[in-house]
Amino acid sequence: MGESRISTFEFATATTIRFGVGLSRSPDEYALFRGLRVFLLTGSDPSRYEATIQAVRETATVVTIEQTRGEPDTVEIMRLVTEARASDAQAVMSVGGGSVIDAGKVVAALLTNHGALFDYLEVIGSGQPIVHAPAPFAAVPTTAGTGSEVTRNAVIGSTEHGVKVSMRSKDMLPDLALVDPGLCLTLPERATLLSGLDAATQLIEAYTSRKANVMTDALCVEGLHHFSRGFESTVEHARSARGVTGATEDDIDARSRMCVASLFSGLALANAGLGAVHGFAGPIGGMTGAPHGALCAALLSEVSRMNIDHADQHTLQRYQRVAEIIFGEDTTYRDLPDLLYHRVQQHGVDRLSDLGLTPDRYAEAAEKAQRAGSMKGNPVIFSDEQLIDVLERSA
Ligand SMILES: [Fe+2]
């Protein structure tokens, strides 16, 4: 197995990335907002990060605080845009999970670009490029999973169309990605579990992507090491409900490793793309409303099996590395799909049938997945029949 040559690549990310426990509580971190009116978006439980909100208030004028619940759809996003425009906001900040950060990217872009969300959405909208640079935008993640703080797209569900689609622009990369692992110490067990599995899926898919490059490879390998050392401990910490006050140094270290895994997965996927798990997760999420992380966890094992069964030597080498990092030096890539399956099942993650996808919709899911942007990174090109086979095995 010879090494492949280094190909041309490009790498784009947030203007500034700051990482550290407790950083989000420091007003100095929000210098980019000084003198500006800030529209602040949070998740459904802002009590988890009151000190962060207070630190922003000490630096800037917070004109509105909006809570978003679940994964916002086109209607909810346009409501937020209208609210931000009406409040004469000059900058946007998101403190929350991937959906809150994605919503913030859209609000920041539509504060400076006229029109409605549909003018800019891919697939179901006009897909127009944004003309003006978005308003200053800071992303502060409170989960460790999506890496959305360093990606250039926002994933938005359309209830009307039954799909999830993206608004995408390199200009939508945040001006500041502020990653404070201390914010994850209050993340509940299920969110810890599913966001962690999303990060792992993103690292595996970006590493085996046909668009991977030498820089994203380095991030994926390092990210997978941190995932394998931090994941189980963070789930245990969340389950024990030790929270902030009962957190040990080891708990903080584990949360930090998962924040690195998530951050690196975002850096990698934004520049290397993803694969069939995410190719499926977007459309099926739109069809069923099932959480993104749960869909990734349900599909990862069987997509890996199908890829390994049809992969070339180069891709098999990569799956071998993934198997060794997560499950130990003695593991081979042939064991990987079953090991992934057992790891996910051991945590009681739902099967695809429990997430609301019924067999009569497999053909529709496969057809939509074939058109999904993420599918372009998958190392193997599958037929519709093969994709349906993956769904049947994951049911
Ligand atoms: Fe994901």
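Helices are DSSP runs of H or I with at least four residues, strands are DSSP runs of E with at least two, and both are numbered from the N terminus. The model is predicted: local features need pLDDT of at least 70, side-chain atom pairs count only at pLDDT 80 or more, and totals for chains, interfaces and linings use all residues. Residues are numbered from 1 along each chain as its sequence is written, and side-chain values use heavy atoms, with hydrogens and water left out.

**Exercise 1.** Determine which residues coordinate the iron ion, and explain why the arrangement is irregular.

*Solution.* Step 1: donors are N, O and S atoms within 2.8 Å of the metal (3.2 Å for Na, K and Ca); water is not among the atoms, so sites may look incomplete. Step 2: Asp198 (OD), Gln202 (OE1), His278 (NE2) and His292 (NE2) coordinate the iron ion at 2.1 to 2.2 Å. Step 3: four donors count as tetrahedral if all angles lie between 85 and 135 degrees; four count as square planar and six as octahedral if opposite donors are over 155 degrees apart and all others between 65 and 115; anything else is irregular. Step 4: the angles subtended by the four donor atoms run from 88 to 155°, and therefore the arrangement is irregular. Step 5: because Asp198 belongs to helix 4 (residues 189–207) and His278 to helix 7 (residues 276–288), the pair ties together parts 80 residues apart in sequence.

**Exercise 2.** State whether Asp198 and His278 are buried or exposed.

*Solution.* Step 1: buried means under 20% relative accessible area, exposed over 50%, and partly exposed in between (1.4 Å probe, protein chains only). Step 2: both Asp198 and His278 are buried.

**Exercise 3.** Describe how strand 6 and strand 7 pair.

*Solution.* Step 1: two strands pair if DSSP finds at least two bridges between them. Step 2: strand 6 and strand 7 (residues 163–168) are antiparallel, with six bridges. Step 3: Ser158 stands opposite Val163 in strand 7. Step 4: four residues separate the strands of this hairpin, in which Gly162 has a positive phi near 65°. Step 5: strand 6 (residues 153–158) is largely enclosed by the rest of the structure, because five of its six residues are buried.
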